[in-house]
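Colleague: I would like to go through the ring contacts and the packing of this model with you. Could we start with charges and rings?

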Amino acid sequence: MAITEPGSPPIGHGATAQPAERTGAVRAFALLGTVQTTLIFTITLIAVPLPEIGREFRLGPSGLFMVSTAYGLSFSGLLLFGGRLADRYGGRALFATGLVVFAVASAVAALAPGFAVLVAARFAQGVGAALTAPAAVAVLRAVLPDPGRYARAMATWGGLSVLGATAGTLLSGVVTTWLPWRWMFGVALLVSLVALPLTPRWLPSAAPSGPVALDLPGAALATAGVTLLSYGLLSTSGHAWASATVLVPLVAGLTLLTAFAAVELRGREPLLPPAFLADRRRAVALPAIALSAAGTAVVFLLLALYLQQIRGWSPLRTSLAFVPYALSLLIAGRLAGRFIVRFGARAVVGAGLTVAAGGLFLLSGLDPRTEYVTGLLPGLVLLPAGVAPVFAGAAVLAVAGVPQRQAGLAGGVMNTAMELGPTVGLALLMTVAAARTSHITVGGASPQAATTGGYSWALGAAGFAFALLAALTAVAVRPRSEE
């Protein structure tokens with residue numbers, strides 16, 4: 001998907017670029033983008049076949065929870081450290097290292113003889129992904145040192161993650177209709193095995209532009225804090241907020257993250273420099289990325305539950321219901337770069353948030369008898385039409401003004417927002433859904449009406465959050481010359 005501006009060539013086709021340089025940039029972007037999409041695809045690839053996994057390994061709710069979350073816990077927890085490792089040792093070296101870990105873990109997951117091995121393999125996949133994702137951003141910066149070309153490339157890059165999540169939801173239902181769930185890990189393994197020999201041939205081996213210290217105390221605190229916080233939030237799906245299962249990791253995670261903030265404020269070479277987050281562009285970009293990822297995850301989860309549990313649809317038919325979503329996402333993503341060139345990244349983010357809010361408000365009207373074509377389809381088209389430009393514009397803002405020596409850090413922070421957004425958003429919005437469901441049930445409504453009432457309120461709350469952030473983004477908008 002090439003991002004172009006009027007009168008300008010696409011990614012990798014600068015006005016003075018030589019043919020070999022153009023070809024090299026296109027190849028590098030294709031390789032890095034395919035891997036990034038696969039890393040996010042791997043998060044959602046077991047969403048549909050999870051019940052089948054539970055039956056094969058005789059798992060209860062806690063076991064299914066661990067299988068579902070192991071990848072995301074290690075992925076989100078290690079991203080910041082992975083970003084700084086890329087800045088210190090070079091993007092290509094860490095990219096290849098992460099791919100090896102990811103490939104081996106994917107093979108083990110596909111052949112896992114039991115629950116413990118599968119969870120360990122999923123956790124190891126997350127470790128590999130946490131090394132690979134920020135390194136890919138650092139390598140892309142080396143491939144496209146010109147700020148304008150790099151910004152146009154990042155506009156496309158921003159949509160790859162949500163595309164990967166959408167592909168995971170679609171393909172998991174389609175593939176597992178005819179093949180065992182283990183085949184889903186074959187996608188991650190195949191991409192890794194193809195990408196590894198191409199890495200030294202297609203990616204530059206440029207060393208970091210300067211010495212980068214590793215803040216090991218900060219890394220330990222950040223990793224442990226994010227992991228525990230994520231585990232506590234994810235545990236709310238099966239336990240009350242006041243239960244020890246939720247409260248202990250939440251308090252421990254928040255305590256460690258508070259300690260991390262104190263260490264960063266006082267450290268000479270912090271893992272996450274406070275000035276990096278204080279930049280107004282990232283103050284707009286990171287919340288937009290987190291909220292958009294959360295909104296996408298909530299819609300996938302709630303509508304999948306609604307279509308299968310309330311409407312009785314099969315997994316295959318449920319997956320196919322999201323095809324219009326994917327098409328709208330692709331079209332909007334292709335147009336987003338042109339809008340960014342013309343109107344500026346901040347304005348595109350604000351407009352995208354507004355459009356996405358409209359899509360969520362349309363979806364919030366669902367009830368047990370909502371028709372797909374007239375009731376769900378408009379929202380399923382409008383939401384991605386807003387989300388795609390948000391991710392594109394936010395990706396441009398997230399890396400704007402970042403020096404080469406912090407390119408890996410920028411990738412780590414951006415991916416952390418991408419991972420934590422759904423974790424926090426799902427915990428809060430599913431709590432809204434559960435509370436509203438209980439309230440309606442007490443009032444004497446049917447179980448189906450009560451459930452869809454909770455879903456409706458959760459989607460409406462998500463729409464309100466998008467509208468609020470759109471308003472805040474409008475206040476933060478500055479002239480394009482400042483971007």
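Modeller: A charge is taken to sit over a ring if NZ of Lys or CZ of Arg is within 6 Å of the ring centre and within 35 degrees of the ring normal. Please keep in mind that this is a predicted model.

Colleague: Where does the charged end of Arg-317 sit?

Modeller: It sits over the ring of Trp-313, at 3.8 Å from the ring centre. Arg-282 likewise has its charged end over a ring, that of Phe-276, with 4.4 Å to the centre.

Colleague: And how many aromatic pairs does the structure hold?

Modeller: There are nine aromatic pairs. One of them joins Phe-29 and Trp-157 edge-to-face, with 6.1 Å centre to centre and 70° between the planes. Phe-29 belongs to helix H1 (residues 19-44) and Trp-157 to helix H6 (residues 147-157), so this pair ties together parts 128 residues apart in sequence.

Colleague: Are those two buried or exposed?

Modeller: Phe-29 counts as buried at 12% relative accessibility, and Trp-157 counts as buried at 3%.

Colleague: What about Phe-65 and Tyr-231?

Modeller: Their ring centres are 5.6 Å apart and their planes stand at 75°; the pair is therefore edge-to-face. It links distant parts of the chain, since Phe-65 is in helix H3 (residues 61-89) and Tyr-231 in helix H9 (residues 216-235), 166 residues apart. Phe-65 is buried, at 16% relative accessibility, whereas Tyr-231 is partly exposed at 27%.

Colleague: Which residues do ring pairs link into a cluster?

Modeller: Phe-57, Trp-181 and Phe-185 form such a cluster.

Colleague: Changing topic: what is the phi of Arg-58?

Modeller: Arg-58 has a positive phi of about 55°, although it is not a glycine. Most residues other than glycine have a negative phi. Arg-58 is placed in the loop between helix H2 (50-57) and H3, and at 78% relative accessibility it counts as exposed.

Colleague: What does Leu-380 touch?

Modeller: Leaving out residues up to four places away in sequence, Leu-380 touches Val-299, Leu-303, Ala-321, Phe-322, Pro-324, Tyr-325, Leu-363 and Tyr-372.

Note on methods: Residues numbered from 1 in each chain as written. Predicted model: local features only at pLDDT ≥ 70, side-chain atom pairs only at ≥ 80, totals over all residues. Heavy atoms only, no water. Phe/Tyr/Trp six-rings, centres within 6.5 Å; stacked < 30°, edge-to-face > 60°. Helix = DSSP H or I, 4+ residues; strand = E, 2+ residues; numbered from the N terminus. Buried < 20%, exposed > 50% of the residue type's maximum accessible area, 1.4 Å probe, protein only. Contact = heavy atoms within 4.5 Å.
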